[in-house]
Amino acid sequence: MRINSAVKLGTVATFAAIVLAACGSSSSSSTSAAKGQTLNWMEASALPSMDISKATDQVSGETMNNTGEGLLRIGKNNKLTPGVAKSYSKSKDGTVYTFNLRKSKWSNGDPVTAQNFVYSWQRTVNPKTASQYAYLLSPVKNADAISKGKQPVSALGIKAQGKYKVVVTLTKATAYFPSLVASPTFFPQNASVAKKYGSKYATTAQANVYNGPFKLTYWTGTSDNWSMSKNANYWNAKNVKLKKINFKTMKDPQTALSQYQSGKLDATYLSGQQPKNYKNSKEYVERKSAGTFYLELNEKKDSMLRNKHARQALSMAINRNQFINKVLEDGSTPAKGVVATGLASYKGKDFTDVANVKSASTQNLTQAKKLWKQALKETGRKSYSLTFMADDTPAGKNAAEFIQSQWAKLPNLKVTNQNLPFKTRLSRSQNGQFDVVATAWGADFPDPISFLQLFTSDNAYNNGKWKSAAYDKDIANANGKDANNESARWNDMVNAQKTLLNDQGVIPFYQQGKAQLVKSNVKGLIYFPTGANWDFSKTYIAK
């Protein structure tokens, strides 16, 4: 999504105080809303985690975004609105933020205090927590040193001044920091509840408390279905209309469609031929996502996947347009790189156009065969076998079958597909138990660095272990010496993506689009392409 004025790349606001506009009342009224305010919602994957410090996936993020709330909230069109903080200010040099908290409560009645934020952020950067999202706190003073075990957690640049004031000190000015604090990783956590449940904390609905519009009322930790109910203790509860949200995991799109048609679901995602069949329906919606699917190659495993020509051959063998137009048909588009199209622009030019390396995401089967033969020769092989890992969802299975058919055109290559449950695929990816894996990333905030920082040598999400000193330097400059220089920072990021693509460190696949059917009486849905995607706090069921 194009960056709005609140978070322009490299700009540092100089005004001393920023007072957020009030949320306003709900667009519904007692006369337009139906009595039964229950929303039945489909998810393609089960809920893996509700631990703010440990969750990494979109389903968890979406659930946490509606059961929790940070200092700020991201609303419609990625605009920041008040959260627990009713106002905030920042220093002239942009390195110190002061957040003034409203008096609000957790679902168990405890007050939400500044100490809850301090505890949460410290828990996330604590190396004992092993949070894969700890890097998001890198702008906060001493966060990186703490994550590496070189500083105590008490040195983190967040302090509580009394119960209702949070002061955050950054290492350097970070233009997108207000958007960061609106993401689930920066939400507060209740220390007494976390200590009470110990290792079982946030593993079930009951082993947690919530400060958002809703509270999780059913989730066993392994169940395919989960439910939220309105949180009566939420500070803005009077404007929350839904009483309950039921989430159902539906891996089979035809089953989901049948449930939608019978009234058991209020919304369903479409795949395969379904989008084409329902495109003229008044209930059909296409959601553009700042999410990119790409293939990671395990370069640590053997010499073949470390070979640049082999990686280029695998990429050039894929006809992305055919996959989009003949297989998905859901509004997705071929990926030009790892950064999503429309996420950011500078001087009227989209990042993906400026940082594009066409050969890294365009089919050229003749060249692919030539490069593959060259790679076999360079690694001393006559043939090669690999396993392609993907989710066991319909989309994951379709992708695996398509990739397998494309790579079958390369000489002396055998591909075996492995489709696994989402949580298993995540675990194996993180542990390096794969040859090639289809994975995806959705931007947590509207800045190219949200994607690009994934592929530095030391990033926990760099599962393929691709390395480049030039790439690391460009990312370090974008986050360091050029942080306040918009033009230089932009060039750093452009050069970084070009380095990644020229070396085919990953294989860009497609940018996600979501085709959806939504009942016409479901009103007030807030969708945003970055981060957790959905906010149900303004949603209601009309008569």
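How many of the 6 residues of strand S2 (residues 38-43) are buried? The count is 5 of 6, and the strand is mostly covered. Buried means under 20% relative accessible area, exposed means over 50%, and partly exposed lies in between (1.4 Å probe, protein chains only). Strands (E, at least two residues) and helices (H or I, at least four) are DSSP runs, numbered from the N terminus.

This is a predicted model: local features need pLDDT of at least 70, side-chain atom pairs count only at pLDDT 80 or more, and totals for chains, interfaces and linings use all residues. Residues are numbered from 1 along each chain as its sequence is written, and side-chain values use heavy atoms, with hydrogens and water left out.

**Strand pairing**

Two strands pair if DSSP finds at least two bridges between them.

| Strands | Sense | Bridges | A bridge pair |
|---|---|---|---|
| S2 (residues 38-43) and S13 (residues 244-249) | parallel | 6 bridges | Glu43 and Thr249 |
| S9 (residues 158-160) and S10 | antiparallel | 3 bridges | Lys159 and Val167 |

S9 and S10 form a hairpin with 4 residues between them. Gly162 sits in that turn, with a positive phi of about 75 degrees.

**Pocket and cavity**

The terms come first. On a 1 Å grid over the protein atoms alone, a cavity is a set of points where a 1.4 Å probe fits but cannot get out. A pocket is an open set with protein on both sides within 12 Å along at least five of seven lines. Lining residues have an atom within 4 Å of a point. Grid points are joined across faces, edges and corners, and a volume is the space filled by probe spheres set on the points.

The largest pocket holds about 940 Å³. Its lining has 40 residues, and Tyr135, Ser138, Asp144, Asp458 and Asn479 lie nearest its centre. Helices H2 (114-125), H3 (143-147) and H16 (469-479) each supply at least two lining residues. H16 gives the most, with 5. By class, the pocket lining has 20 nonpolar, 14 polar and 6 charged residues. Here Ala, Val, Leu, Ile, Met, Phe, Trp, Tyr, Cys and Pro count as nonpolar, Asp, Glu, Lys and Arg as charged, and the others, Gly among them, as polar.

The structure also holds 4 cavities of 30 Å³ or more. The second largest cavity has about 120 Å³ of space. Its lining comprises 15 residues, with Ile52, Gly68, Asn208, Val209 and Tyr210 closest to the centre. That lining divides into 9 nonpolar, 6 polar and no charged residues.

**Helices**

Helix H13 (residues 394-407) has 14 residues. From first C-alpha to last it reaches 20 Å, close to the 20 Å expected at 1.5 Å a residue. The expected span is 1.5 Å times one less than the number of residues. In H13, Gly396, Ala399, Ala400, Phe402, Ile403, Gln406 and Trp407 are buried. An α-helix has 3.6 residues a turn, so residues three or four places apart point the same way.

Gln259 lies in helix H6 (residues 253-261). Gln259 is buried, with a relative accessible area of 19%. Gln259 and Gln151 are 108 residues apart along the chain, and their C-alpha atoms are separated by 53 Å.

**Record**

An unreviewed UniProt entry lists residues 79-462 as "domain: Solute-binding protein family". The span is 28% helix and 23% strand, and its end C-alpha atoms lie 30 Å apart.

Definitions and conventions:
UniProt positions are given in the numbering used here, feature names are shortened, and annotations may be inferred rather than shown by experiment.
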